[in-house]
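Please read its points beside the sequence and the model.

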Protein chains: 2
Amino acid sequence: MNLKTSTEKVKAQSGRETGRQAQKSASTRKIIVEAALSCLIRYGYANTTTPVIAREAGVSRGAMMHHFSNRLTVIQAAIEYLHEKRLKAFRRAVANLPKDQPQLHDGLKAYWKHVTHPLYVAFHELTVAARTDRDLARILGPAQEAFYDEWYRMAGELFPDWQKDPASLELAMDLVNTTLEGMAIRRLSLPENPGAEARLFKYLEACLAALKPAD
Amino acid sequence: MNLKTSTEKVKAQSGRETGRQAQKSASTRKIIVEAALSCLIRYGYANTTTPVIAREAGVSRGAMMHHFSNRLTVIQAAIEYLHEKRLKAFRRAVANLPKDQPQLHDGLKAYWKHVTHPLYVAFHELTVAARTDRDLARILGPAQEAFYDEWYRMAGELFPDWQKDPASLELAMDLVNTTLEGMAIRRLSLPENPGAEARLFKYLEACLAALKPAD
DNA sequence: CGTAAAAAACAATCGTGACTGTTTTTTATC
DNA sequence: GATAAAAAACAGTCACGATTGTTTTTTACG
């Protein structure tokens, strides 16, 4: 705002989506939302309070309350942000798989990478908290289901010939789902055991190969 | 304990293990501890506060604080109680299995019953909370490891001929562990899907049968 | 009568939402 | 184009409720 530029006139054109304060507002909101996710990961849901988030974001609590009227609103924004980010990252990973002949190994690894990502911890915190928090559950539930739906859909696209045997495919999906998420959650509370993890991973891969109908 | 017996005097002798007050004290402590577990299950760890526990137990908070000097002490007692109860229940279940020829199916079912028990939810709440609570982790960690150690030990006893192939046994244990716990945790946050659960369960059973060395 | 259990009262801290004031940007008017 | 009005971003403070741990009082048993 201190530099005079000829492009200043442009702002009036589009209305209010490109203005300076709109930009700044969006930027601050993003900072706050990412701070909220950091807090979920580092301090857990119960300790992700408004003062803690504001401190983590480096803004005053007043500023934060200006953008989000109450605590749950911040959480809601964080959930939406998280949901999009998870979907985007997962789509990217799937897109990078060799399309012509997708390998089970790579797909499995992609999901493993997904559930071992810090953001999954944030999601897990939210999930556990939602069990005893109706308001949170109302917000989280749809995102959760949408993600699984999308995941199932992508898997179907990735292995078209597997869809001839939907029961087998669904079983495989459920197996991957529960096992990898179980491993990821176990990691959070027990000392790591890379050897056991690797063996389990390898075994799971063999199971899938056996389940999958021959090409 | 409502009948006056000549054994009343005994209490003074041994100190304080048999008197009426001691009995009542123990009774109250048990009520409080069980109330704490109920709260964990119904309200989650963060909402398991001292007023809530006391209300659930039907005692005044002052009475509760008389028995447990602070909140974490109540939680600690609940963890010990829970640990013993889990071990006892699991030992009982294992003892009821046909000793001569233990069936994989029954063992699997026993563990499944274990992880779908409400007390497992309490344990899960504690586990998640411990991730971001050092004090809680210090208390919970040992119990957690002890339980798994005991579980592995019992499985080894139950399938002695499997111990000839320890790698295979450990893999099977890890598989059961992560998958069933993953299923149980998934249950807490997603709408139930009995069909999928049953198929997964059955598949898991087949995997174990294949892993197990022939008798 | 003395002691332990139970209840109640207490002070201190923390999180929340609402409120007030300040600065900066946008909009409107001449 | 300059200036006034409006709106938004931001900061700080306040009161309320809840939780925690401590202390004091009452009750009941031995």
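**Note on the predicted model**

1. A:K113 is found in helix 6 (residues 104–115) of chain A; helices (H or I, at least four residues) and strands (E, at least two) are DSSP runs, numbered from the N terminus. A:K113 counts as exposed because its relative accessibility is 64%, where exposed means over 50% relative accessible area, buried under 20% and partly exposed in between (1.4 Å probe, protein chains only).

2. This is a predicted model, in which local features need pLDDT of at least 70 and side-chain atom pairs count only at pLDDT 80 or more, while totals for chains, interfaces and linings use all residues. Residues are numbered from 1 along each chain as its sequence is written, chains are lettered from A and ligands numbered from 1 in the order in which they are written, and side-chain values use heavy atoms, with hydrogens and water left out.

3. The secondary structure of chain A comes to 10 helices and 0 strands. Of the 215 residues in chain A, 45% are buried.

4. A:K113 also belongs to a surface patch of positive charge, together with A:K30, A:K85, A:K88 and A:R92. Patches are made of residues with over 30% relative accessible area and no salt bridge, with like charges joined within 9 Å and nonpolar side chains (Val, Leu, Ile, Met, Phe, Trp, Tyr) within 5 Å. Lys and Arg count as positive and Asp and Glu as negative, while His and the chain ends are not counted. Helix 5 (residues 71–95) of chain A gives the most to this patch, with 3 residues.

5. A:R86 is also placed in helix 5 of chain A. This residue is buried yet has no salt bridge, and the nearest side chain of opposite charge, A:E181, is 6.1 Å away. A salt bridge is a side-chain nitrogen of Lys or Arg within 4 Å of a carboxyl oxygen of Asp or Glu. The side chain of A:R86 does make a polar contact with the side chain of A:H114, at 3.3 Å. A polar contact is a pair of N or O atoms within 3.5 Å; within protein, one must be able to donate a hydrogen and the other to accept it, and residues adjacent in sequence count only if both atoms are side-chain atoms.

6. Over all chains, the count comes to 18 salt bridges. One of them pairs A:E56 with A:R42, with the closest N and O atoms 3.0 Å apart. A:E56 lies in helix 3 (residues 50–57) of chain A and A:R42 in helix 2 (residues 20–43) of chain A, so the pair ties together parts that are 14 residues apart in sequence. A:E56 is partly exposed at 27%, whereas A:R42 is exposed at 51%.

7. A:R187 and A:E197 meet in a salt bridge of 2.7 Å, N to O. Since A:R187 lies in helix 9 (residues 166–187) of chain A and A:E197 in helix 10 (residues 194–211) of chain A, the pair ties together parts that are 10 residues apart in sequence. A:R187 is partly exposed at 29%, and A:E197 is buried at 15%. Elsewhere, salt bridges that share partners join A:R91, A:E150, A:R153 and A:E157 into one network.

Definitions and conventions
Accessible areas come from the Shrake-Rupley method with a 1.4 Å probe; for residues, only the protein chains shown count as cover. The place of a charge is taken as NZ of Lys, CZ of Arg, CG of Asp or CD of Glu.
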